[in-house]
Amino acid sequence: MQKIVSIEKPTELSAEKVELGLQDDMTKLISDTDKVVADVELISDSAQRALNIAKSSGRNINSLINKIESKLNEVESAAKELGVDARNIKGYDKLSRISKQVLKNYDSYVQRANKNLRSLIMS
């Protein structure tokens with residue numbers, strides 16, 4: 001009876017498998033890193049755009065408040081001369097509410113958003 005002996009090179013095959021496995025792992029890590037970097041860049045760009053909007057809004061808000069208050073005073077004077085209650089003039093109540101509730105608080109909202117966005121960008 002003859003015995004057939006095959007000689008295998010498990011070390012080389014094993015080394016190739018390990019090498020291919022490591023390459024696959026590195027390729028996946030590169031891909032995962034690229035995705036994360038793209039997300040961070042998107043977040044940073046979006047935060048910068050929002051910061052620019054907040055800055056612009058902050059600069060414009062005080063001017064807008066002054067214009068609204070001036071117009072309200074003008075309407076009140078004209079209404080008084082005509083003997084009419086200014087609140088009966090269409091738009092007066094809404095503009096008055098905007099001035100008192102929204103715009104005066106908006107400046108602090110813009111400042112807080114500005115601070116939060118700067119913090120996000122810097123981290």
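**Figure 1. Contacts of Asn114 in the predicted model.** Leaving aside neighbours within four places in sequence, Asn114 is in contact with Leu51 and Lys55, as seen in this predicted model. Asn114 belongs to helix H2, and it counts as buried because its relative accessibility is 17%, which falls under the 20% limit for that class.

**Figure 2. Leu120 and its partners.** Leu120 is a residue of helix H2, and with a relative accessibility of 44% it counts as partly exposed. When its neighbours within four places in sequence are set aside, Leu120 is in contact with Ile43 and Ala47. Leu120 and Ser44 are 76 residues apart in sequence, whereas their C-alpha atoms are 8.1 Å apart in space.

**Figure 3. Ile65 in helix H1.** Ile65 is found in helix H1, and at 10% relative accessibility it counts as buried. The C-alpha atom of Ile65 and that of Ile98 are separated by 9.2 Å, the two residues being 33 apart along the chain.

**Figure 4. The largest nonpolar core.** Five residues make up the largest nonpolar core, namely Ile68, Leu72, Ala79, Ala86 and Tyr92. Helix H1 supplies the largest share of this core, with three residues. In soluble globular proteins, nonpolar side chains tend to be buried together. Each member of the core shown here is buried, because buried residues are what a nonpolar core is built from by the rule applied.

**Figure 5. A nonpolar patch on the surface.** Leu82, Val84 and Ile89 form a nonpolar patch on the surface, and together they have about 270 Å² of accessible area. Of these residues, Ile89 lies in the loop between helix H1, which spans 10–82, and helix H2, which spans 92–122. Ile89 counts as partly exposed because its relative accessibility is 34%, a value that also passes the requirement of over 30% for membership of a patch.

**Figure 6. The salt bridge between Lys28 and Asp32.** The side chains of Lys28 and Asp32 meet in a salt bridge, with a distance of 3.1 Å from N to O. Both residues are in helix H1, and because they are four residues apart there, about one helical turn separates them. The two partners fall into separate accessibility classes: Lys28 is exposed, with a relative accessible area of 51%, while Asp32 counts as partly exposed at 30% relative accessibility.

**Figure 7. The salt bridge between Glu74 and Lys71.** Glu74 forms a salt bridge with Lys71, and the closest N and O atoms of the pair are 3.2 Å apart. Here the residues are three apart in helix H1, so about one helical turn separates Glu74 from Lys71. Glu74 counts as partly exposed at 46% relative accessibility, and Lys71 is likewise partly exposed, with a relative accessible area of 39%.

**Figure 8. The salt bridge between Arg87 and Asp85.** In this view Arg87 forms a salt bridge with Asp85, in which the closest N and O atoms are 2.9 Å apart. Arg87 counts as exposed, its relative accessibility being 53%, whereas Asp85 is partly exposed, with a relative accessible area of 33%. Over the model, the count of salt bridges by the rule applied comes to three.

**Figure 9. The protein chain as the setting for the close-ups.** The protein chain has two helices and zero strands. Of its 123 residues, 15% are buried, and the accessible surface comes to about 10,400 Å², of which 56% belongs to carbon and sulfur atoms. Among contacts between residues at least 6 apart in sequence, 73% join residues that are at least 24 apart. The contacts of Leu120 with Ile43 and Ala47 and those of Asn114 with Leu51 and Lys55 can be viewed in this setting.

Notes:
Residues numbered from 1 in each chain as written. Predicted model: local features only at pLDDT ≥ 70, side-chain atom pairs only at ≥ 80, totals over all residues. Heavy atoms only, no water. Patch = residues over 30% accessible without salt bridge, like charges linked within 9 Å, V, L, I, M, F, W, Y side chains within 5 Å. Areas by Shrake-Rupley, 256 points an atom, 1.4 Å probe, with all protein chains shown as cover. Salt bridge = Lys/Arg side-chain N within 4 Å of Asp/Glu carboxyl O. Buried < 20%, exposed > 50% of the residue type's maximum accessible area, 1.4 Å probe, protein only. Core = buried A, V, L, I, M, F, W, Y, C linked by side-chain atoms within 4.5 Å. Contact = heavy atoms within 4.5 Å.
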